[in-house]
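Morning, everyone. Please bring up the sequence and the model, and keep both in view while I talk.

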Amino acid sequence: MFTNGARVLVVVLLALASAFAAWQGVFEIAALGLMFIGLIVWGYFKEGPVILAAKAFKQKNYQKAKVLLHSIAKPDWLNKRRKPYYYYMLGNIAVTEAHFAEAEVYLARAAVLGLRANDLGVSLMHLANIALRNKDKEKGLLWIQKSQNLPLTEKYKSILTKIEKELQKV
């Protein structure tokens, strides 16, 4: 749960502590420091600042969340629990900024990678709405069909029903 700058700072401090411990002849502490450095580097590639971005996203600080998400160098290397939420947050931020083509790409990736039911329902609802904007009836009905088996709230079900009625008119 570090930003990239904090990771660099911690790695530098651990490297200095490990070097000092090795210089003093306490090789166990030096090895432990190197192990922690490896763990932080592993976390950089597998975890990233996705949790910090999720906190900013939940507080509706979309600019901070976007900066944190774009600081991830290799999003394809994120672990399978973090990757769908990386794309989910980027997609929702793109929807709020009215970048619908970008949002469609991100939300479709998030939907395929395995979100929880409620988040998947929100993604499918946004995807159906984007298809309605693009007047793509087939794609919109496909997203709505995928959302039928999800345990969604009544609010989301009514929105999906409205979108489906509008898609039938297209």
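Let me start with a definition. The expected span of a helix is 1.5 Å times one less than its number of residues. Helices are DSSP runs of H or I with at least four residues, strands are runs of E with at least two, and both are numbered from the N terminus.

A word on the source. This is a predicted model, where local features need pLDDT of at least 70, side-chain atom pairs count only at pLDDT 80 or more, and totals for chains, interfaces and linings use all residues. Residues are numbered from 1 along each chain as its sequence is written, and side-chain values use heavy atoms, with hydrogens and water left out.

Now the overall picture. The protein has nine helices and zero strands. Its radius of gyration is 21 Å, well over the 15 Å that the globule rule gives for 170 residues, so the protein is more spread out than a compact globule. That radius is taken over C-alpha atoms, and the rule is 2.2 Å times the number of residues to the power 0.38. Along the principal axes, the C-alpha atoms fill a box of roughly 75 × 30 × 25 Å. Buried residues make up 39% of the 170. Buried means under 20% relative accessible area, exposed means over 50%, and partly exposed is in between, with a 1.4 Å probe and protein chains only.

Next, helix H6, residues 100-113. Its 14 residues should span 20 Å at 1.5 Å a residue, and its end C-alpha atoms are 20 Å apart, so the two agree. Which residues of H6 are buried? They are Ala 103, Glu 104, Tyr 106, Leu 107, Ala 110 and Ala 111. What do they pack against? Their partners are H5, helix H7 (117-133) and helix H8 (137-147). Contact here means heavy atoms within 4.5 Å. After H6 comes Gly 114, with a positive phi near 110°.

Two residues other than glycine also have positive phi. Lys 60 has a phi near 65°. Lys 60 sits in the loop between helix H3 (50-58) and helix H4 (62-70). With 60% relative accessibility, Lys 60 counts as exposed. Ala 98 also has a phi near 65°. Ala 98 belongs to the loop between H5 and H6, and at 46% relative accessibility it counts as partly exposed.

On to the aromatics. How many aromatic pairs does a search of the whole structure find? Eight. Rings of Phe, Tyr and Trp (its six-membered ring) pair if their centres lie within 6.5 Å; planes under 30 degrees apart are stacked, over 60 edge-to-face, and the rest tilted. Phe 57 and Tyr 62 make a tilted pair, at 5.4 Å centre to centre and 55° between the planes. Phe 57 is buried at 17% relative accessibility, while Tyr 62 is partly exposed at 24%. Tyr 85 and Tyr 88 make an edge-to-face pair, at 6.0 Å and 75°. These two tyrosines are three residues apart in helix H5 (residues 83-96), so about one helical turn separates them. Both Tyr 85 and Tyr 88 are buried. Phe 57, Tyr 62, Tyr 85 and Tyr 88 form one aromatic cluster.

Lys 74 lies over the face of Trp 77, 5.3 Å from the ring centre. The test for a charge over a ring is NZ of Lys or CZ of Arg within 6 Å of the ring centre and within 35 degrees of the ring normal.
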